[in-house]
Structure formats: structure tokens, C-alpha cells
Amino acid sequence: MWVKVDAVGNSPEFPRHVDVAVIGGGIIGTCAAYELARDGVSVALFEKGLIGAEQSSRNWGWVRQQNRDMFELPLAMHSLQRWGALSAEMGRDVGFRRSGIVYVTQSQQSMDKWADWGRRAREQGFISYLMSADEARTRTPGSTSQWLGGVWSPDDGRAEPSMACPAIAAGAQAQGANVQQNCAVRGLEIAGGQLRGVWTERGLVEASRVICAGGAWSSRLCRRHGIELPAANIMGTALETTTAPEVTPGCLVTSKMALCRRLNGSYSLAMPGHGRIEISPQGLRYASKFYRAYRSKLAKKLQVRIGRSFFAGPEAAGSWQLDEVSPFERQRILDPEPDRNQALRALAAMHDEYPELRGVHIAGAWAGMIDTTPDLVPVISPIDSIPGLVVASGFSGHGFGIGPGGGRLAADLATGAPPLVDPSPYHLKRFAQGKEIRQPEMM
């Protein structure tokens, strides 16, 4: 496994009763646990593997407001504020740097979309700058393309995926949260129609409120309890380069590559929108929900194949008893095989765009499973059939950047506090049978 995360120690005592149990130690779960602990709520965080070891450490590291779906923008704006405060607040570096994000294009259609998005974003208080060809060239020194223009968001930034979740989990511990790794939650304890707690591989932990933030695994856990959470897990490939000259201090995206400067002087590099989907029982179950998404031009960048997902992992079929080994214990950390050809194409695109980087090579490549909803907007929702349960999942590749906001909203919904933002756009019932699924907006 190429991806490494900073180590976090387990809390010394195993909890038997808490106010809120959080399932999943990715960016959403750790942020929810941290905010709850800061509020003085008794909270335990359970991770089947290691904190941040799945998609939360396998993303590009982007922390952006620019080009968010309008439903996501309020969460993104709050998240940027929290990213800017977390390191000083906790005394632990999450690797956040407000270094700006640049999008450049040779397409008038993209320019028109960015202009329209910018007008709507200003109504919510977010300001970015549409760039002319000359301004785009100034923001991309050394590039070989003749850009028509672009968009620049100076307040956006980047953080270090290997550092962020462990730092936030440790920050939660310092505030009183109990953190347990290599401890899978097998399911929920429900008695008399009431949520009573979670069954872990180490026994029952009583809790009247539970946040399910299991990423790619959330839908399978939900199905065990009769909850339909439409999700498709897209496998995305990214790579880290060797140490390289600085061509951008932050993040840069073109039609062929996405580039993010890292603290160690290398870059994270990927091909925007590219990935693969494996045919699976979960995928077939929710195929009709994804019809519009599959018909979109973005789907043309996705490879569809048969693989191990049909028989094992988060998308497989089958149930289990709470007193037996669960699928979550059989696969502690999702570590899909990266697409080597895709990594080489991304590197070639970087070399073509920046001749001074032609001596830069691949230091390592990895893949992650991106839990995706039919409209590309997350589910952050109370579950009507199980009062006390909140699902926070389906962040569609945007979870790292909006993690602090998503975690805060999940915490608010779990405790009944006034919600950070209007939660209605994130409710699970928007995918109910017979409801029309909205077309995904530009992301």
C-alpha cells in the first residue's frame, strides 16, 4: 500500500456507553467526533482499520469552494473557515495552506459555465475571478498551452491527506473523545423500535445516537438494517511525483490533468473525472438511480468492468449476524489496484504542459473508492425509520474539502442542535422511489 497515514493511538479504555457513536474514521467521522467532543458531548469513534487510511488519504488534497454544486457551496464556505482555524485550535498541523486554485481552459463553453456559476456564487457571498487569456497565462507560468481564459479562487487551498484525519482524531481525543481503530462496527442495536447502540467486534456499545460515516462501506451497512442508500463506488487513480520545481504554489486543473503542490516539494497528480466502476450487486441494485449520471458526458471517462467487487467488499451481496465476523473485518482497508496506464497518461500530460518538469517521475501511485450519489451531492440525513441514526456519506469525491462542514452538520443533526446550514438538500428522501433525481451540477 503506497498511501501512508500518520499514526494515531487508540484510547486506553474501551467505551461501554456514550451519547454518540461515530462509525468511520475518515474526514467526515473524525470532524464530527471532534466537533461533538468540543461541545462536551460524550462520543466514541470506531474505525475498522486505521484512521484516514481509505479515501480520506487517497484524494487530491484540494480544499475548494470554487465550482461546487450550489447545494454544497454553503458547506464548502464553512469548511474553508474551519480548515483555516483547525491547526492553531488543536495545536496539530493538518497541512492546510490557503494557496489558491486555478482552472484554465481552451473552451468557450467552460468559460460561459464559470461565468454563470460565479454570478450565482456571489449571491451566497463567495467571490472568485474570471480570468482573461493574459491573466490565465500569468497564473500558469511555463505552460505550453494557449489558454482562452480561466477562473481563480485565491481563498481556496490544499491540505495534506496523510496528516489531516490523524491530526483531527488526535484533536478529538484531546477534547475527550474515545477513538478505537481496528474495531469494526458490525451493525446497530435496535430494541422496541429504538436505537440502543452499536455492535462492535469487541461487543456492544450503548448509544442513543449514531452517525454512520463509513464512506464506501456505508450503503452496505445501511442495507443490513433496511435502509436504501443509493451509492456507486468509483475507483479513482492518483499519483505522487518525485520532488519537482514549483510551477504552481497550490492547485491547478486543465482538461487533461489536476495538479496539487505538496508540502514535501512533490505534486499529487491525476486525470480529472477518470475512473472505473466494477459491476456489482450494489451497482445493479441502484442502476436506475444513476441513469442520468451514466448518460452524462462525465460517464464517458469511466471504465466499466467485472472485478472482485461482485463477490467481496462494500458492494457485494449478503448479510451477517451481529455475533459473527462481518465484511468490515474481512477487509480492514480498501486498497484497490491503481490504473497504471492512467497514471502514465497523467504524467505525460504534465510533461507536455510543463517542459521543465520532464525530468520528474512517478514516486508512487494508488487508487481509492469514491462513494458517489446519483446527483453528486452528499447524504447528510437523519433516518426516519431509525430515530437517532444519522447517515453522512456519498460525498462523491468532495468529502475531504468539505469534511469540516459535513462533520459539523452531521453532529448538529445527531444532537438536535441548530443545523449549520439548511439540511434539506442533503436528506436521503430525495432518492425515494418515484422521485425525480436532479441533474448533477458542475462540480
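# Exercises on cavities, aromatic pairs and buried residues

In this predicted model, 44 residues line the largest cavity, and Gly 26, Ala 213, Gly 214, Gly 215 and Ala 216 are the ones that lie nearest its centre.

## Exercise 1. The largest cavity

Task: Describe the largest cavity by its volume, by the elements that line it and by the classes of its lining residues.

Solution. 

Step 1. Begin with the search of the whole structure, which finds three cavities of 30 Å³ or more. The largest cavity holds about 570 Å³ of space.

Step 2. Turn to the elements. At least two lining residues come from each of α1 (27-38), α6 (218-224), β19 (362-372), β21 (389-393) and α11 (399-415). Strand β19 gives the largest share, four residues.

Step 3. Sort the lining by class. It has 22 nonpolar, 17 polar and five charged residues.

## Exercise 2. The second largest cavity

Task: Which residues line the second largest cavity, and how many of them are nonpolar, polar and charged?

Solution. 

Step 1. State the volume: about 50 Å³ of space lies in the second largest cavity.

Step 2. List the lining. It consists of Ile 23, Leu 188, Cys 212, Leu 221, Cys 222, His 225, Ile 227 and Leu 389.

Step 3. Assign the classes. Seven of these residues are nonpolar, one is polar and none is charged.

## Exercise 3. Helix α1

Task: Compare the span of α1 with the expected span, and determine which of its residues are buried.

Solution. 

Step 1. Helix α1 has 12 residues, and the distance from its first C-alpha to its last is 16 Å. This is close to the 16 Å expected at 1.5 Å a residue.

Step 2. Consider the burial of α1. Of its 12 residues, 11 are buried, and the helix is mostly covered. The buried residues are Ile 27, Ile 28, Gly 29, Thr 30, Cys 31, Ala 32, Ala 33, Tyr 34, Glu 35, Leu 36 and Ala 37.

Step 3. Look at what follows the helix. After α1 comes Gly 40, which has a positive phi, near 85 degrees.

## Exercise 4. Two aromatic pairs

Task: Classify the ring pairs Trp 83 with Phe 96 and Tyr 103 with Trp 114, and locate their members in the chain.

Solution. 

Step 1. The whole structure contains 10 aromatic pairs. In one of them, the ring centres of Trp 83 and Phe 96 are 6.2 Å apart and the planes meet at 25 degrees, so this pair is stacked.

Step 2. Trp 83 belongs to helix α2 (residues 73-90) and Phe 96 to the loop between α2 and β4 (101-105), so the pair ties together parts 13 residues apart in sequence. Both Trp 83 and Phe 96 are buried.

Step 3. For Tyr 103 and Trp 114, the ring centres are 5.9 Å apart and the planes are at 65 degrees, so the pair is edge-to-face. Tyr 103 lies in strand β4 and Trp 114 in helix α3 (residues 108-123), 11 residues apart. Tyr 103 and Trp 114 are both buried.

## Exercise 5. Charges over rings

Task: Which arginine lies over the face of Trp 152, and which lies over the face of Trp 320?

Solution. 

Step 1. Over the face of Trp 152 lies Arg 139, at 4.1 Å from the ring centre.

Step 2. Over the face of Trp 320 lies Arg 224, at 5.9 Å from the ring centre.

## Exercise 6. Buried or exposed?

Task: Decide whether Leu 376, Ser 396, Ala 293 and Met 163 are buried or exposed.

Solution. 

Step 1. Recall the cut-off: a residue is buried when its relative accessible area is under 20%.

Step 2. Leu 376 is in the loop between β19 and β20 (379-382). Its relative accessibility is 18%, so Leu 376 counts as buried. Although Leu 376 is a residue other than glycine, its phi is positive, near 65 degrees.

Step 3. Ser 396 is in the loop between β21 and α11. Its relative accessibility is 9%, and therefore Ser 396 counts as buried. The phi of Ser 396, also a residue other than glycine, is positive, near 55 degrees.

Step 4. Ala 293 is placed in helix α8 (residues 291-295). With a relative accessible area of 15%, Ala 293 is buried.

Step 5. Met 163 is in helix α5 (residues 161-174). Its relative accessible area is 18%, so Met 163 is buried.

How values were computed:
Residues numbered from 1 in each chain as written. Predicted model: local features only at pLDDT ≥ 70, side-chain atom pairs only at ≥ 80, totals over all residues. Heavy atoms only, no water. 1 Å grid on protein atoms, 1.4 Å probe; cavity = no way out; pocket = protein on both sides within 12 Å on 5 of 7 lines; lining within 4 Å. Points joined across faces, edges and corners; volume = space filled by probe spheres on them. Nonpolar A, V, L, I, M, F, W, Y, C, P; charged D, E, K, R; others polar. Phe/Tyr/Trp six-rings, centres within 6.5 Å; stacked < 30°, edge-to-face > 60°. Buried < 20%, exposed > 50% of the residue type's maximum accessible area, 1.4 Å probe, protein only. Lys NZ or Arg CZ within 6 Å of the ring centre and 35° of its normal. Expected span 1.5 Å × (residues − 1).
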